[in-house]
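My entries follow in the order in which I looked.

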Amino acid sequence: MGGPLGAIIGRYPSAAAGGEEQLGGTGGTGIIQHNRRCRDIAFLVLFAAFWVAMIVNSSFGFNQGNPLRLTYELDYKGNVCGDKHGDPNLHELDVKYWMNPNQVYQSGVKDSKVNLADAKAICLMECPIPAVDGLNFICDYPEGDIHLSVDDWINRDYDYFEFLTPDMRNSSLQLQGPCYPVIFPTVNVYWSCQFIARASNVSLKHWHEMGGVNIDENILIDKTVHKAIDSRSAVLKRYVADIGKSWPVFIVCGGILPLFLSVIWLLMIRYFVAAMTWITVILFNALVISVTMFCYIKAGWIGNDPLTVVIGESDPYVHISGREISHLHTVTIFMTAIMVIAFLSSIAIVRRILIATPVLKVAAKVIGEVQALIIFPVVPYFILAIFYMFWFSATLHLFSSGQVVRNDCNTDCCSYDLKLGKVNCDNCCGYSIHYTPHISIAILFHFFGCYWATQFFLACSSTVIAGSVASYYWARGEISHDIPFVTVVSSLKRLLRYSLGSVALGSLVVSVVEWVRFILECLRRKLKLVDSARESCFGKMTSSSSECCLGCIDWTLKSVNRNAYIMIAITGKGFCKASVLATGLIMNNILRIGKVNVIGDVILFLGKLCVSLFCALFAFLMLDTHKYKSAHNKISSPLIPVLVTWALGYIVAKLFFQVVEMSIDTIILSFCQDAEEHQGTAQYAPPLLMETLDEQSELQRLTQGP
């Protein structure tokens, strides 16, 4: 350890403490007194520069992005359906409809030069269906010689065939526009009109009687549109769009609900600590089972209510496994495995739960005396809430910040141009959204920034709590009238004045390791897909070993970080020195505190999972309502909103559960230091903690022998 810390923590005045900061106004016997100075300033500057970069990066998204692109498609002019700034105004026209059925068919033919992205499409209010006893037409946006307003065009069901000149009628019969026949039924699937390969015999008969050209009929016309709708890029866009549509769910289930549940849990720990360990374990298993069963129901494996959130009753492909359905099946299998593991793990730790109860009682006593600890997490909670609102908005804009550019195609096509007043064969290419590589880099940086900022705010909260609890431990009974609020405020002041750089360094270390793991995992998966057939046993073993090692390093760093924040709060040292001090204390007392700390962490982890799982289940139920199955709020899949809600619930729970978690760790580290300074017998430890740790020590002596 390099010497005791009596001059740094505790009541001992020291010769070097002439300029100490004192807490509680107790003269020369302050709770935490030492010379402090700013530490790790370079990393504080780096963190400030990172925030500037985050703002610039987000500004690019806000300037270039349009979240409507994530939900709606482009018409043949490059307008986003539903965009009131389009030409014409498409505010209420949000469904994409391909006008020429032969182009749709040919785009699905192998080796065809026609691409579906180049097929002529316009935006409508709803997908058209063939007439029962005649023939309907869908005509192009009114312009040129067609003197109709957009509202009149909509009121006429997009049909002004009767106003066409003979030349226009002839070109329309050749499927060159400006009007096209409605031969196939269509339905709205993710705001695109999905063709159903069952042509209306009546409409087709009228079309042939008028002299219309032959129209291709085949199941290929169904599959072509479905393939475009079910592509990976389309699914990703829909998932991101689901985040924007589900913001009420995030506020209720990811913000308000976990706040309420976490405070309730802290109060119950305060007053019913003996029962809370058992309640937490039982509730955790019940919630895992509930979420798993709900996944089975929505996957269609139990009951008769599958996929109503995922696709909707009007989709003709409700029986075809699209990507969203496959993802839901995967999550269901994953939750089944989690349920089995959770049940077996609960049985394994039942006998050890009693060990954790005394330590939780000590933490409950600290919360009872330092009452501001229950209120303090509200401060980082609101800071994170504001940050996440900004971050989610920037995410939607970044994902939609590609440029709308005209496709480079060699398609031979002709269509009637109302502005030119003739058939034009030079305007065959459609529009698509072009994403440049720097957008991908901007998105990755945006996600890394979110993780680092989250870790930073959590670390700040941990450090403030640790400083408050250390003040309580080392000043037992001496300034009890100051403990409820002054200790928390003073700990916060010390953090803001001296230790922000150290916290920035600690949070950066965790973030970098996590992202290295993420990048290596992505590379491993790509290599596995490229060379899966030739992958050797040695390669598989190497890959698994590296992933396991990275996981262990990550877990170790997080554990060291948590204890380092405690020593930063107590000693005012820099991050690296505080990590060394914390690690030395733990290694010197590993047998004494190991079981107590591990079981306590397990119970707290289960408590955080209980809060986040309850939030996820409630989000599932909210998304299973009519609001998110119809109209513009219709989501493509509940998976991403539920996962985001789970993550938000877990972060909020972590903020509040840190009060108990850091209380336990701080008291144990303080106990270890106290014991080292007093020849193995702690002088300031609460009696309950003394009994618990002495019992553990005695048990070790009995089991290890002389």
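This is a predicted model: local features need pLDDT of at least 70, side-chain atom pairs count only at pLDDT 80 or more; totals for chains, interfaces and linings use all residues.

I began with Cys139 and Cys179, which a disulfide joins at an S to S distance of 2.0 Å; a disulfide here is a pair of cysteine sulfur atoms within 2.5 Å. The torsion about the S-S bond of Cys139 and Cys179 is about 105 degrees, so I noted this disulfide as right-handed. Cys139 lies in strand β3 (residues 137-139) and Cys179 in strand β4 (residues 179-181), so the pair ties together parts that are 40 residues apart in sequence. Strands are DSSP runs of E of at least two residues, and helices are runs of H or I of at least four, both numbered from the N terminus. Cys139 and Cys179 are both buried, where buried means under 20% relative accessible area, exposed over 50% and partly exposed in between, with a 1.4 Å probe and protein chains only.

Residues are numbered from 1 along each chain as its sequence is written, and side-chain values use heavy atoms, with hydrogens and water left out.

I then counted the disulfides and found that the structure holds 4. One of them joins Cys81 to Cys123, again with S to S 2.0 Å, and with -75 degrees about the S-S bond this link is left-handed. Cys81 is in the loop between α2 (68-71) and β1 (95-98) and Cys123 in strand β2 (residues 121-124), so the pair ties together parts 42 residues apart in sequence. Cys81 counts as buried at 0% relative accessibility, and Cys123 is likewise buried at 0%.

Cys414 and Cys425 also form a disulfide, with their sulfur atoms 1.8 Å apart. I found Cys414 partly exposed, with a relative accessible area of 26%, and Cys425 partly exposed at 38%.

Last, I looked at helix α14 (residues 378-399) and helix α15 (residues 437-474), which pack at an angle of about 175 degrees with their axes 11 Å apart. The axes are lines fitted to C-alpha atoms over the stretch in contact, and angles run from 0 to 180 degrees between N-to-C directions. That makes α14 roughly antiparallel to α15, since angles over 145 degrees count as roughly antiparallel, under 35 as roughly parallel, 65 to 115 as roughly perpendicular and the rest as oblique.
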